Amino acid sequence: MRHIFAFIWKYNFIFLFLLLEVLSLILIANRSFYHRSVISNLTDGVTGNVFSAWSGVTSYFSLKRENEILSSKNARLLGMVTQNQTTADTSTYFVSDTSFAQQYKYMVAHVISNSSTHRDNYIMINKGSKHGVKADMAVINSEGIVGTVVSVSPNFSWVMSMLNKHSKVSARIKRINQMGTVVWEGGSPATGTLHDIPAHVKVLPGDTIASSGFSHIFPEGIMVGTVEEIWIEEGSHFYTINFRFSADLNSLHNVYVVTNLYREEQLELSKNVIND
Amino acid sequence: MTKLFGRDIARFFILIALQVLVIDHINFYGYANPALYILFILLLPFEIPGWILLISSFLLGFSIDSFSNSLGLHSAASVFIAFIRPWVIRLAGAPAEYEVNLKPGIGDMGLRWFFAYSLVMVVAHQFFIYTLESLRLFEIDLILLKTLIGSAITLSLLIMIEYLFMRRRN
């Protein structure tokens, strides 16, 4: 026994190295387990507070741009209001509560940390479980799709950006109504890749890609991007399509967290089908 | 000795803040993520005990990981370069036994020594990080490209910061 201790002590540098390296690899491999643990609540609290204090400083630098976006949005909304006042006959636009139940709810959140330089990028927002945010909720902004909530603490949430190896979003090309899968293969944060569009249909540069609504997470028809390059890999029956994201994922300020009010019901239903 | 460690502890926190609040937002079209924080590992005293070197590097990496939600990634890379550090120092030429209180920075060891030493450390760190981050062999060209660009930018930043804050030996 003494010899074993003496041996470990003699090579303590190597053993400690192996121990810490294995610990790091376990952390990488058990990401989901860690997110549910107590330590992650603690670290998310610390990092969240640091980020929100810092964004309190840096948000002043983007005030001008934000102002321009807001005023252009205001102008657009004002236009819609006057249009309604002059042309709409209110009785024909009556919305019955029972036939038009709301399916998606939107909540505004502020981005307090964002990255686009890693292979797996995450965004931190200043809304958490206290505000009703849960894992697997969609996050969009006024320009398009942004990501999915992956982990939640009382006041903050981590959002898996579209710029992530693990991000897979079901989307379709609007013009021809063909379904595919949106992924990000690293490199430029401005472009993503769309797979699984069958090679017998015709895809054109400039075609619009929007969410399909089949994932129970994203509402249907949220902009994803526009097609740029199209080719077919050797021996494949599907296109590989490079497209430009409609949302600027490298400069996010305000985003909307989307709640699907029927998600539980939809999941329950699909579970029944799969079990049979 | 305590004063020396005090400077190292201060550098630990300053570098983490600089890394997560400023450097992580510099974006070279998504092809590089310079890692200034490893300056902490580079500048630890020559005579530091091995276990402090490894554990402080792990804590450094873990802090960076908590801020970028990349659990274990930076910890693994930091521990790795901490492990090869004694070997790299021997390779670059360790100072003689009687020269105490030397620091592995430009001020004490000169630019050529520091350049050789940090080049090996930075390239090892960047290659380790991008490989672990991707874990896909077919992305090897992207990994090498990112290692090249990331190392060049990190190295220039390190040398610039070292020149700005170094204290000349009288």
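I began with the definition of a salt bridge, which is a side-chain nitrogen of Lys or Arg within 4 Å of a carboxyl oxygen of Asp or Glu. The model is predicted, and I kept in mind that local features need pLDDT of at least 70 and side-chain atom pairs pLDDT 80 or more, while totals for chains, interfaces and linings use all residues. Residues are numbered from 1 along each chain as its sequence is written, chains are lettered from A in the order in which they are written, and side-chain values use heavy atoms, without hydrogens and water.

I looked up the salt bridges over all chains and found eight. In chain B, B:Asp8 pairs with B:Arg11, with 2.6 Å between the closest N and O atoms. B:Asp8 and B:Arg11 are both buried (buried means under 20% relative accessible area, exposed over 50%, partly exposed in between, with a 1.4 Å probe and protein chains only). Salt bridges with shared partners join B:Asp8, B:Arg11 and B:Lys103 into one network.

I then turned to chain A, where A:Glu220 and A:Arg172 form a salt bridge with closest N and O atoms 2.9 Å apart. A:Glu220 is exposed at 54% relative accessible area, whereas A:Arg172 is buried at 15%. Another salt bridge, also in chain A, joins the side chains of A:Glu228 and A:Arg244 at 2.9 Å, N to O.

Last, I checked A:Glu21, which counts as buried at 10% relative accessibility. I noted that A:Glu21 touches B:Ala76, B:Val79, B:Phe80 and B:Phe128, leaving aside residues up to four places away in sequence; contact here means heavy atoms within 4.5 Å.
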